[in-house]
Amino acid sequence: MLIEIKVPDVGSAEVDVVEVLVQAGDTVALEQSIITLEGDKASMELPSTAAGVVQQVHVKAGDKVSEGTLIATVLAAEQQTTSEPAPSKTLEQTAPPPATPISKQAEPAPSIASSSAAPAATAPVTANETSATKIVHASPSVRLFARELGVDLGKVTTGSGRKGRILKDDVKNFVKKTLAEGTPTTVIAGIPGIPVVDFSVFGDIEVQKLSKIKRLTGQNLSRVWLNLPMVTYHDEADITEMEAFRVELNGEKAKDEVKITGLMFIIKALVAAMKQFPSFNASLSGDGENIILKRYFNIGIAVDTPNGLVVPVLRDVDSKSINQLAVELAEKSAKARQGKLLPNDMQGGCITISSLGGIGGTSFTPIVNAPEVAILGVTRAKMQPVWNGKEFMPRLMLPLDLTYDHRVIDGAEGARFMAVVKQNLSDIRRLLL
Ligand code: CAO
């Protein structure tokens with residue numbers, strides 16, 4: 001009897017096949033794991049619902065599957081299946097129970113990560129991508145442990161468990177051996193990787209899975225870090241009058257109205273400067289030969305969420321009022337924190353602002369959200385004594401950090417651009433010009 005084994009309801013629209021544990025010709029036992037799936041919230045091994053000989057495997061590692069996707073066909077004796085009663089010809093196994101979840105996150109699953117964090121063809125290849133051809137037998141917790149350490153289970157030659165199953169100790173011994181040999185397990189574009197350390201030899205440890213957003217953002221940040229020659233320029237803007245006006249405006253607002261933060265003025269000051277310096281509203285073409293200038297003004301705002309950093313985009317900010325921007329950012333950052341942003345909410349940005357001003361800081365070096373060419377970092381405004389030529393005056397000074405892609409923007413251009421942003425913030429009447 002030919003049994004079709006399909007993906008059951010796994011609680012997500014789509015999950016990744018991270019490992020295929022059998023191949024055509026293998027004999028499988030009832031309940032034996034045949035593939036490992038990984039979604040936003042959990043990883044799981046899918047058990048075979050029949051004992052017999054695998055005729056064909058229809059998926060491979062890296063495939064995305066959903067409920068009903070055909071995984072494998074198994075030639076089995078009628079009494080060796082979990083389904084009853086067995087039909088005479090082909091039996092569809094659409095709902096085998098998902099096996100042991102190996103990792104669960106308490107946090108709500110984000111609907112999607114930042115568009116900027118989408119994996120690209122140049123994403124670093126790490127050694128924990130298990131060889132597609134070799135079949136390894138290990139429990140979900142051991143697989144998770146190996147993945148967290150960046151260990152390719154396909155390279156672990158000793159499986160001291162039953163029927164050669166790889167145990168946690170086998171992974172630890174592999175890491176120790178690799179370290180002793182001085183071989184780093186991760187190599188990115190020829191750059192020596194960070195050696196893997198078995199921290200458990202020094203004390204208790206706990207391995208926590210990174211959220212999908214963090215993993216994707218991490219890939220993107222590493223890619224940008226390796227590809228862009230970045231320079232960060234620091235300066236301060238005098239926002240004493242701007243702040244007085246902002247406080248006045250908020251004083252006029254009803255209790256339930258969205259308050260205006262300094263960020264709205266920063267957005268406006270930035271856009272006015274981008275109009276004067278078109279190279280800041282640009283991207284480098286893929287071949288590095290041309291600059292693509294944009295005639296629209298969309299600003300990405302880095303938003304801190306429990307799952308990691310996301311960058312919703314405020315569109316056409318040049319044609320929106322300060323009040324409209326405040327309402328839109330409040331809506332988008334709430335959506336971001338609930339993990340409800342859609343891909344469209346995060347696409348089409350021209351330049352990004354990363355504001356830590358609500359938290360603190362005096363300066364930092366934000367990483368450009370490529371293919372954008374610049375990012376403006378903001379930290380906490382502070383009252384400072386400023387010399388006006390005759391006396392020290394108390395002025396509210398806002399620290400700004402501009403990181404730019406040096407292939408597109410020269411140092412002097414960066415400094416001039418920042419001077420205009422500062423001027424716009426110090427005298428917001430200029431935003432009318
Ligand atoms: N100086 C002094 N006070 C500031 C300030 C600054 N530069 N920026 C904000 N504040 C104040 C606000 O006025 C507000 O004060 P009240 O509570 O008295 O109203 C308070 O800090 C909180 O502001 P906020 O952070 O809620 O609002 P915002 O508009 O400034 O920022 C948002 C919105 C979504 C950008 C922010 O909440 C956020 O997520 N920031 C983190 C971004 C991040 O993680 N960046 C790092 C990325 S790594 O490159």
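1. Some terms come before the details. A residue is buried if its relative accessible area is under 20%, exposed if that area is over 50%, and partly exposed in between (1.4 Å probe, protein chains only). By that rule Thr69, with a relative accessible area of 24%, is partly exposed.

2. The basis of the values needs stating. This is a predicted model, where local features need pLDDT of at least 70, side-chain atom pairs count only at pLDDT 80 or more, and totals for chains, interfaces and linings use all residues. Residues are numbered from 1 along each chain as its sequence is written, and side-chain values use heavy atoms, with hydrogens and water left out.

3. Overall make-up. The protein chain has seven helices and 20 strands. These elements are DSSP runs numbered from the N terminus: helices are H or I with at least four residues, strands are E with at least two. Of the 433 residues in the protein chain, 44% are buried. The accessible surface comes to about 22200 Å², and 55% of it belongs to carbon and sulfur atoms. Areas come from the Shrake-Rupley method with a 1.4 Å probe; for residues, only the protein chains shown count as cover.

4. Contacts along the chain. A contact means heavy atoms within 4.5 Å. Take the contacts between residues at least 6 apart in sequence: 64% of them join residues at least 24 apart.

5. The second largest pocket. Its volume is about 1100 Å³. The search ran on a 1 Å grid over the protein atoms alone; a pocket is an open set of points with protein on both sides within 12 Å along at least five of seven lines, and lining residues have an atom within 4 Å of a point. Grid points are joined across faces, edges and corners, and the volume is the space filled by probe spheres set on the points.

6. What lines that pocket? The elements that give two or more residues include helix H3 (212-227), helix H4 (240-251), helix H5 (262-276), strand S17 (351-355) and strand S20 (392-405). H6 gives the most, with five residues. By class, the lining has 28 nonpolar, 14 polar and six charged residues. Here Ala, Val, Leu, Ile, Met, Phe, Trp, Tyr, Cys and Pro count as nonpolar, Asp, Glu, Lys and Arg as charged, and the others, Gly among them, as polar.

7. Where does the second largest pocket lie? Domain 1 (1-94 + 107-124) and domain 3 (218-432) both give residues to its lining, so the pocket lies between them. The domain bounds come from an automatic or database domain assignment.

8. Leu2 lies in strand S1 (residues 2-6). Leu2 is partly exposed, at 36% relative accessible area. Leu2 and Val54 are 52 residues apart in sequence, yet their C-alpha atoms are 9.5 Å apart. Thr69 sits in the loop between strand S7 (64-65) and strand S8 (70-81). Leaving aside neighbours within four places in sequence, Thr69 contacts Ile5, Lys6, Val7 and Val59. From Thr69 to Glu4 the C-alpha distance is 10.0 Å, across 65 residues of sequence.

9. Backbone points to check by eye. Glu31 has a positive phi of about 75° although it is not a glycine. Glu31 is in the loop between strand S3 (27-28) and strand S4 (33-38), and is partly exposed at 46%. Asp316, also not a glycine, has a positive phi near 45°. Asp316 is in the loop between strand S16 (313-314) and H6, and counts as partly exposed at 37%. A cis peptide bond joins Ala370 and Pro371, with omega about 10°. Pro371 belongs to the loop between S17 and S18.

10. Phe417: buried or exposed? Phe417 is buried, with a relative accessible area of 0%. Its place is in helix H7 (residues 411-426). Beyond neighbours within four places in sequence, Phe417 contacts Leu270, Ala273, Met274, Phe277, Phe280 and Leu402. Phe417 and Phe280 are 137 residues apart in sequence and 8.5 Å apart, C-alpha to C-alpha.

11. Met230 is found in strand S10 (residues 230-238). Met230 counts as partly exposed, at 24% relative accessibility. Its C-alpha is separated by 4.9 Å from that of Asp405, 175 residues away along the chain. Neighbours within four places aside, Met230 contacts Val224, Trp225, Ile367, Val368, Thr403 and Tyr404.

Technical notes. 1 Å grid on protein atoms, 1.4 Å probe; cavity = no way out; pocket = protein on both sides within 12 Å on 5 of 7 lines; lining within 4 Å.
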